[in-house]
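Here are my notes on the model, point by point. Please read them with the structure open.

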Amino acid sequence: MTGPIRVLICDDQDLVRAGYATIFAAQPDLEVVGEASDGEEAVRLARVLRPDVAVMDVRMPVLDGIEATRRLAGPEVADPVRVLVVTTFNVDAYVYEALRAGASGFLLKDTPYARLVDGIRTVAGGDSLLAAAVTRQLIGHFAERVRPDTSSPERDSVSAALTARELDVFKQIAAGRSNSEIAAELVLSLETVKTYVSRILLKLGLRDRVQAAILAYRIGLTPDAG
């Protein structure tokens, strides 16, 4: 990526937006291109400004952050915007839906600013934040609401598309493990794991690890599901 990372801030609280804008503007590689106070405005500005990353609150008026994310990054969107959802643990019970809507990851609202900035860089670079330990905890919490369809033809097609080793890595992704954690668990080199992850995403037509984890939960291909 050439030039600064262009960020759109989407939050209904003035103080939150002001805080984000101040922190982001102080980073030499970030540029705040706009601010939205509701989901509808977020969608409109994102479509006009085409930011590299939209930092999206979940609870906003007019249109909530989940629906805004779906309109900007959902499966049917031809040219999706990368969305980083920021939420509050045990308050926003819709994180899983946000990920299904196309978000590239999420962080907690009490996350230190330095980590939020790094999260923006991660998402802008094409990766997701699913591997973070806190994300793993949240995914596990919301995965309880998913009813895996182990008899789905999609499960058979995924199993047929991947080698046995790729299936192992796929299940580790579903568990929210980072590349280094997968390497340690499966006794592989880090570069080998990166190759496997890229190959899995390509074979299954998935944009990122978030989509891979959601697919794995939906069809029951997780480490504890066999």
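Predicted model: local features only at pLDDT ≥ 70, side-chain atom pairs only at ≥ 80, totals over all residues.

1. How many aromatic pairs does the structure hold? The count is two. In one of them, the ring centres of Tyr20 and Phe24 are 5.6 Å apart. Their planes meet at 20 degrees, so this pair is stacked; the cut-off for stacking is under 30 degrees.

2. Tyr20 also pairs with Tyr113. Here the geometry is edge-to-face, with 6.3 Å from centre to centre and 85 degrees between the planes. Tyr113 belongs to helix 5 (residues 113-124), while Tyr20 is in helix 1, so the pair ties together parts that are 93 residues apart in sequence.

3. Tyr20 has a relative accessible area of 6%, so it counts as buried. Taken together, Tyr20, Phe24 and Tyr113 form one aromatic cluster.

4. Next, look at Asp38. This residue is in the loop between strand 2 (30-36) and helix 2 (39-49). Asp38 is buried, yet has no salt bridge. Which side chain of opposite charge is nearest to Asp38? That is Arg44, 7.6 Å away.

5. What lies 2.8 Å from a polar atom of the Asp38 side chain? The backbone nitrogen of Glu41 does. Further along the sequence, Asp38 is in contact with Met60, Pro61, Val62 and Leu63, leaving aside neighbours within four places.

6. Now the whole chain. Its secondary structure comes to 11 helices and five strands. The protein chain has 226 residues, and 50% of them are buried. Take the contacts between residues at least 6 apart in sequence: 68% of these join residues at least 24 apart.

7. Last, the surface. The protein chain exposes about 10500 Å². Carbon and sulfur atoms supply 51% of that area.

Technical notes:
Residues numbered from 1 in each chain as written. Heavy atoms only, no water. Helix = DSSP H or I, 4+ residues; strand = E, 2+ residues; numbered from the N terminus. Buried < 20%, exposed > 50% of the residue type's maximum accessible area, 1.4 Å probe, protein only. Lys, Arg positive; Asp, Glu negative; His and termini not counted. Salt bridge = Lys/Arg side-chain N within 4 Å of Asp/Glu carboxyl O. Polar contact = N/O pair within 3.5 Å; in protein donor to acceptor, adjacent residues only side chain to side chain. Contact = heavy atoms within 4.5 Å. Phe/Tyr/Trp six-rings, centres within 6.5 Å; stacked < 30°, edge-to-face > 60°. Areas by Shrake-Rupley, 256 points an atom, 1.4 Å probe, with all protein chains shown as cover.
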